[in-house]
Amino acid sequence: MKKNIRVLMVEDSENDALLISRELKRGGLEATVRRVDAPSQLRQLLADEPWDLVLADYRMPRFSGLEALGMVREAGLDLPFILVSGTIGEETAVAAMKAGAHDYIMKDNLARLVPAVEREMREAKVRQNRRRAEEQLRESEKLLRAILRSVADGLFVTDNEERLVMMNRAAEQMLGIASGKVLNLPVEQAFAGSPLLEKLRAAPPAKKGGRQFEFELIEGRHIRYLRAKTSTILDRAGRAMGTIVILTDLTREWELDRMKTEFISTAAHELRTPLTSIQGFSELLTTRDDLDREEQKKFLHYILKQSLGLGRIVNELLDISRIESGQGLALEMAPCDPGEMVEQVLTCCRTQTPKHRFEIALEPLPRTLLADRGKIVEVLENILSNAVKYSPAGGLVRVSGRATEAGFELAVEDQGIGMTPEQLERIFDRFYRVDASTTASGGLGLGMSIVKNIVEAHGGSIQVSSEPGRGTRVSFVLPLAPEQEALQPPLAGSGRGRSGRR
C-alpha cells in the first residue's frame, strides 16, 4: 500500500491535529497533512489539490464533520472519510456511517487509527479500480455498439438459453423486427412466424459448431433473399456462452443473376431475329430471278434495317463490356451542333414509324458544345427509340433544347405508356427492361445504363420523369466550353436554333 499519503485534516485543535499526525507516523505512514477549520478553506483545498484521505472532527465551532462529509461528496470525490472525535456517541456514529463516513475513531483510542486508514485506503483503491474497469467496460460496450451499428451485415446474438440478447440495426431492417420489442425473449417468440426460426431449427451443424443456410422473406410483393451464418461464442475456458448469427442480404445478387440469365436469353433472341431476317431476305435475293426492282429494293431495305439493329446490339455489348471492365468510354471530343445530331437521328426514326409526329424546338447555343458526336448520337438514338417503342399508339414525340446554368439541356418527351415509380427507380439498372415479358418490345436492357455512362463521361447529368399513361420525359445536360464564343450560325437544315414539326 502507498506509505506516503496526503491527508486533509478537518480539525479546530492544533494539539489534536499534532497527536493524530504523530499516530500516523508511529504506525508507519508518512503523511503530508493540511489542517482546515473553516468550510471555505475545505472547499478550496478540495478543488485545488489531490488528496488520499480526509480525517474530520465531529464537532467544531465553525462547522461539523457531517457538513465536511457533505462537501467532499458535493465535490464528487470518493475519498476515505474517517471521523476522529472525542465527543461522538454510538448513535451519532451510526448516523454518520449511514451518511457516508467510512469509519469513526475515538480520540482516546487512536491505536485503531492506522489499521482503519490502511483498510479504508485499500477499499478506496478497490473502488477506484472497479470504477475504472466499469468505465472501460462502458466504453468498450459503446464502441461495440457503434461497430455493430455500422456493420452492413445483419447480426444478432443469443445466450445459452436461446434468448435474444443483442441485435444490430441492419438485422432489424432485414428481418423487419424492432429489437426493443424482442430483446431477452426466447428465439421462438422473437422470430415467431419467420422462416428464419424454421431454418435455425432445421439447419445441420457445420464444422467448428457453425451453420450456414439461406432463406427467403416475403415483403408484400417483393422477396428478400438472405444468408445466415452461425458461430458459437466461447469464453476463455472454451465453454459455450451463446451463438452469434450474421445475416447477409443476397437480394441484389439473386436479382443480378436472374437478370443476367434473362439477358443471355434475350441477347440470343435479339441476335437471332435480325440474323434470321438478313439470311432469309439475302437468300431470296440470290435465288429468285423473278423479283422486280421494287421488291429487291424492299428486301434490301429490310436487310439494312436489321443489320443496323444488329450493329446497335453489338455496340451496346461492346460499350457495356468496356464499362464493366473499368476501362470507361473513350471519347473523341470536338465541337458539335445539337441540331445536326437530332436531325440525323430523326431522319431514321421518320422512315421507321409513320404514325409518330416529331417536333423540334432547339434554342441557339450560347457557347461551343464539346462532345463525342458519335456517342451523343448513340444517346439520342436510344432515347428516341424508347420514345417510339413505348408509345405504340403513335402520337407526338418532342425534342427540345435550351441553355441552362449547367450547360445545354436536350429533352425528349413522348405521349406513351409511361412508367410506374418502381420502374422509374430502376430505369438505369443494367439488364433491366420496363417490360420483360415475351411480348415486350425488343432490347437487351442495356440502353439507358449506357446512356447514363456516356452522359456522365462527358461531365453531364441525366434525369427521367414519367407517369403511367402520361408519357415519359428524358433530359440530359452536357457542359459547354468555357469560352464565350458561340458557334457560327449552322447551315440550313441543321435544326439548331429552330422549331418545327416533321
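**Figure 1. Overview of the predicted protein chain.** Helices, which are DSSP runs of H or I with at least four residues, and strands, which are E runs of at least two, are both numbered from the N terminus. In this predicted model, the secondary structure of the protein chain comes to 15 helices and 18 strands. The chain has 502 residues, of which 40% count as buried, and it exposes about 28,500 Å², with carbon and sulfur atoms supplying 51% of that area. Among the contacts between residues at least 6 apart in sequence, 62% join residues that are at least 24 apart.

Figure 2. When residues up to four places away in sequence are not counted, Val342 touches Ile360, Leu362, Leu380, Val399 and Leu410.

Figure 3. An unreviewed UniProt entry carries the annotation "coiled-coil region" for residues 123-150. In the model this span is 100% helix and 0% strand, and its end C-alpha atoms lie 40 Å apart. Helix H5 is made up of residues 113-150, and Ile147 lies in this helix.

**Figure 4. Close-up of a nonpolar surface patch that includes Ile147.** Leu143, Ile147 and Val151 form a nonpolar patch on the surface, and together these residues have about 250 Å² of accessible area. Ile147, a residue of helix H5, has a relative accessible area of 43% and is therefore classed as partly exposed, because that class covers values between the 20% limit for buried and the 50% limit for exposed residues.

Figure 5. Leu18 lies in helix H1, which comprises residues 14-26. With a relative accessible area of 43%, Leu18 is partly exposed. Leu18 and Val33 are 15 residues apart along the chain, and their C-alpha atoms are separated by 9.7 Å in the model.

Note on methods
Residues numbered from 1 in each chain as written. Predicted model: local features only at pLDDT ≥ 70, side-chain atom pairs only at ≥ 80, totals over all residues. Heavy atoms only, no water. Patch = residues over 30% accessible without salt bridge, like charges linked within 9 Å, V, L, I, M, F, W, Y side chains within 5 Å. Areas by Shrake-Rupley, 256 points an atom, 1.4 Å probe, with all protein chains shown as cover. Salt bridge = Lys/Arg side-chain N within 4 Å of Asp/Glu carboxyl O. Buried < 20%, exposed > 50% of the residue type's maximum accessible area, 1.4 Å probe, protein only. UniProt positions renumbered as here; feature names shortened; annotations may be inferred. Contact = heavy atoms within 4.5 Å.
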